[in-house]
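Reader: I would like a close look at a single part of this model, please. Could you walk me through one chain and how its pieces sit together?

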Amino acid sequence: MSDMTEIDTTDIRLVPESAVGQEVAQTKSRRWPGLSVLGGLVLVLALLPLGISGSYYMHVLILTFFYVVIASSWRVVSISGQFNIAIGAFMGIGAYAAAIPSVWLHWSPWVTIPLGAVAATIVGALLAYPFARLRTIYYAMGTLFLGYVVINLITAGGKTTGMSTGLGGVEPLFSDRTYYYYLAFGLMLVSLACMYRLEFSRIGVRMKAIAQSHQVAASVGIGERRNRILAVAFGSFFAGLMGAVYCHYQGVASPNSYGLGATLWIIMYVLVGGINSFWGPAVGVGMLLVIPEFFFRDLKGNLPYVTAAILLIIAFTMPEGIVGLLKAITDRVSRRFRRGEVSGDAP
Amino acid sequence: MKKTAWVSVLMVLMILLAVVPALAGCGKAEETTTTSAPTQTTAGPTPTTAAPSSTETTTAQMETLQIGVILSLTDWFSVVDAAEKMDIEYVAQMINEDGGIKVQGKSYKVELVIEDGKSSLDGNTAAANKLVLDKKLKFVVGPGAFFNLATTPIFEQNKVLHVANYNGLNPAEMNKDTRYAFLGLDPITQQSAALKALKLYYPNVKNVALASEDATFPAFEPHFRALVERTGLTLAGEPILYATQAEDYNPIAAKIKALNPDAVWMPIGIDPTYFGIVKGLRTLGYQGPITFPVDAPSVVGALGDSATGIVGILSKQVEDPYIAAPMKRLLLMGDPKRHVFGLAPNALYLLKHAIEAADSLDPTVVRDKWETLTSLPTLYGDGFPSGNQLYGLPNHAWAHPIPVCLINDGKVEYKPWILPDVTP
Amino acid sequence: MEIAVQTVINVVLLGVVYILMGIGFAFILNLLGIFNLAHGAIFMSAAYGCYLLVVKLGLPGFAAFPVTVLAAAAFGILVERFLFRPMKADFNRTMMVCIALSTVLVTTFNRFLGTRALAIPPFLAGTTGLGPYRVQTDRILAFCIGIVLLVGIILFVDRSRWGAQMQAVTQNREGAALQGIRFSRVAMLAVSVGFGLAAIGGVFMGTLYNLTPFIGDVTLIKVLMLVILAGLGSFNGIFYVGGLLGLLYGALPVVLPGAVVDALASILVLALLLIRPRGFFGHE
């Protein structure tokens, strides 16, 4: 067990998935089963409303889609080495930027949702600027207080923001839940595709290089500040977009959903799934949101024990999250496989 | 050398001291938690164990009527709602013992489907969705406080009759278009009783300082101002607002004291904030009466010698000679010393009588009948509609007599219950 | 005038509680590199623990107080050994463990004791003071105990061998190891002292204010503010910044309405943080 994890961590540290060369040749042969599983999953999720239309599970799945995007957007920020504890606040900015005009000015949701996303991006990018000189733990703490400030401002916003009770009566987009399902599902697919594209593009590689060592990155001409701000803007766009759609779906916006507690749980989704993998956030949301909602909801007041137990199990047994463990296992299996085929050709 | 030796001896002593009483303390602490745990669990399952036995024995062929309940069992609002859960289960048991809900000659046993609202608007949306979509329920009790913001649209869209425990007066919670929304307690009437009691027992009071938690207050403000006027009082200074999450209430107490009012009125808040402010005021030497919703034993327990000059409303105790019969019965069903908020249980009680009056299980029929009723029994005695103009709906919001007590020097004196003024 | 006197007392008391909590948090952070997000939950649990000892077991306050603190310290040893050490100071994993721990504690107290607002009965009832300036006797007591503890902590860190070892490890872990300082033992000590200090803060808050299972959340934020503004690795800075935070949260509510206080104070903290990202008294 211990040597397996060791090999795995060195793999991840030294060879980011994006690195070209040998790794590509390896993954290409391995990609097909993964792709077909993914395709199957998309197909099942696309057809699911036919079966469960009008059930509570629709609601859970819609929430899941939202949180997969939000957790992934946090991870996008994190690949540039920024442990951002304000993602909930960006989501909140998007939500309130959409909710306030919707409630008080009765603007159409089709206007307010893009407005929310754009507002979150602009605010995110502007705020990222002074924070770009902070690194590691200082960045994390700085953004923690940034999130706290945003929530406090919303709470102190008087009647406009509804203070700590929140704003009610945000106009719904559709009356039928199935439309929401497809909207959330579609947005999730598009968002994930964009994020995938970014992470495995040249820019993504640059961001990862900055995360590894900002000095080395600077020495090869990668602008640290620019790329870090870009990462935050990119992440906050998706967080704000989903925040805006989410508040139209829920019909309410409340600071509770975007505060420190909510942000920490979003981060937990990513850590449980595996911060080093693109699919980690999705798996983490499945683990911490879907499983408790589907199987343990009847525990009610005792439900937090289940989530705490999941966290502890993952922390103790899977240092790289669930996807990290899966990867370690598949690596091991395929290595043994190859070793059997071509003797002596150990990687 | 000598010093280090001394330090290490001290450390060893400390660790010894730490380990021995800690073990003992842990053991004891565990004991107390476990002893308190069984009382909790025995209190929990009793209705469920009692309910099947009653079905088996009395009415084997009794059909069940599922009624949804939304309460926040986790996070900050569970301070209120965990207690409400226990009491609403007792009321369901009470209804079942009396033969269930009788509709068109048939008796229906009440079965509660309780969902956790998680003390957040999101959590309440999820709970409402679960009840409406999955369980397909037609009648729902709850939620309380401002959480109706999240649930009202879902219930209205699905034509589910929902009786809120009480609400935050936000138009999104209840307005002229939300025709399936009912309200177990018009929150303004409670405060009407508080001010009336204040005037009755402290006739010299001419002005009151208003201190409130700030989030829900804006919606209440005009109504409270009108209420003060209707009662024949004046406000001392501007209302003093504070955040629910404040740790230290002494600055707020100091601000209230600075207004030098005849009395202090705290309409909205949760127990810790009331207690914190009263403690602060009494420490500062403020002598005037203070009125807020209390649970008398909690107040005496938490405030100690600061518990004096308090005009309390809403404390339900068995010792109270004026207590309404159904409320007394509810109290005696569990530990009679427990803190009964009695909001959700009362909403269920109202709903039962409304369904029986309508003699139908169709929420629309029940609603139409309910809108014509002008009196319904509540846990507190005869209920009456209030706030028709305020909510824009006829007979949707209800009120009832309010328990009153005076607390002086840590002693509770129960007073006749006060009939609050009807809100226009 | 009266308000001013009260405010000063509030400021000092809040400051003392924040400083005690902050030092405990900083011990754990500096030595183990762990952001103990469960610090607020420990604080809350200690307050409830003391309540249980006093109310359910009938112990006098003066006995319950040390028992609670020592129990928290012992709990700290267990947590360090079984929860923190296996995580090997991995930031992400310790964060998960801390959140799980905090969730469990909050849920447990909420399940069993959460339905009533509780308060630990005062150690010394009544008020004392000069003329019209009355103060709860308990507050004076808390103030005195707090000051004594703070002096004790300074002496512990500066003068004792354990304190020297802790400082050595904070400054240079490898160097300390070469000098024969066993890291695991120092770490254990740090966590147990940290939890003990949180417990002291919790009991203070429990006697002076009221208990709910969620008081820890608010306090945790204040502690984070304190530690970050003071600067990582700085013990002395915590005293100054603790005083500043006490001033902000003790005095601002007198002049401003509720939510505005939090907003203003947090903006101020964020601004300070952006001016001096490494805190005001930190060293690299």
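Author: Happy to. Let us take chain B and begin with its division: the domain assignment gives domain 1 as 61-186 + 323-401 and domain 2 as 188-320 + 405-418. Please keep in mind that this is a predicted model. The average pLDDT of chain B is 82, and 85% of its residues score at least 70. One stretch calls for caution: over residues 1-59 of chain B the pLDDT stays under 50, and for these residues the model has 44 contacts beyond four places in sequence.

Now to how the two domains meet. Between the C-alpha centres of domain 1 and domain 2 of chain B the distance is 27 Å. On the domain 1 side, 21 residues are in contact with 16 residues of domain 2 of chain B. Helix 11 (residues 325-333) of chain B supplies the largest share of that domain 1 side, with four residues. By residue type, the side of domain 1 of chain B that touches domain 2 of chain B holds twelve nonpolar, six polar and three charged residues.

Between strand 13 and strand 14 (residues 381-385) of chain B, the antiparallel pairing runs over three bridges. Here Thr378(B) stands opposite Gly381(B), which belongs to strand 14 of chain B.

Finally, a residue worth a visit: Lys257(B), which lies in helix 8 (residues 250-259) of chain B. Is this lysine, Lys257(B), buried or exposed? Lys257(B) counts as buried because it has 21 C-beta neighbours inside 10 Å, and the cut-off for buried is 20 or more. Leaving aside residues up to four places away in sequence, Lys257(B) touches Leu281(B), Leu284(B) and Tyr286(B). Take Leu284(B) as one of these: Lys257(B) and Leu284(B) are 27 residues apart in sequence, and their C-alpha atoms are 7.7 Å apart in space.

Note on methods:
Residues numbered from 1 in each chain as written. Chains lettered and ligands numbered in written order. Predicted model: local features only at pLDDT ≥ 70, side-chain atom pairs only at ≥ 80, totals over all residues. Pairing = 2+ DSSP bridges. Domains from an automatic or database assignment. Contact = placed C-beta atoms within 7 Å. Nonpolar A, V, L, I, M, F, W, Y, C, P; charged D, E, K, R; others polar. Buried ≥ 20, exposed ≤ 12 C-beta atoms within 10 Å, placed from the backbone. pLDDT = per-residue confidence, 0-100.
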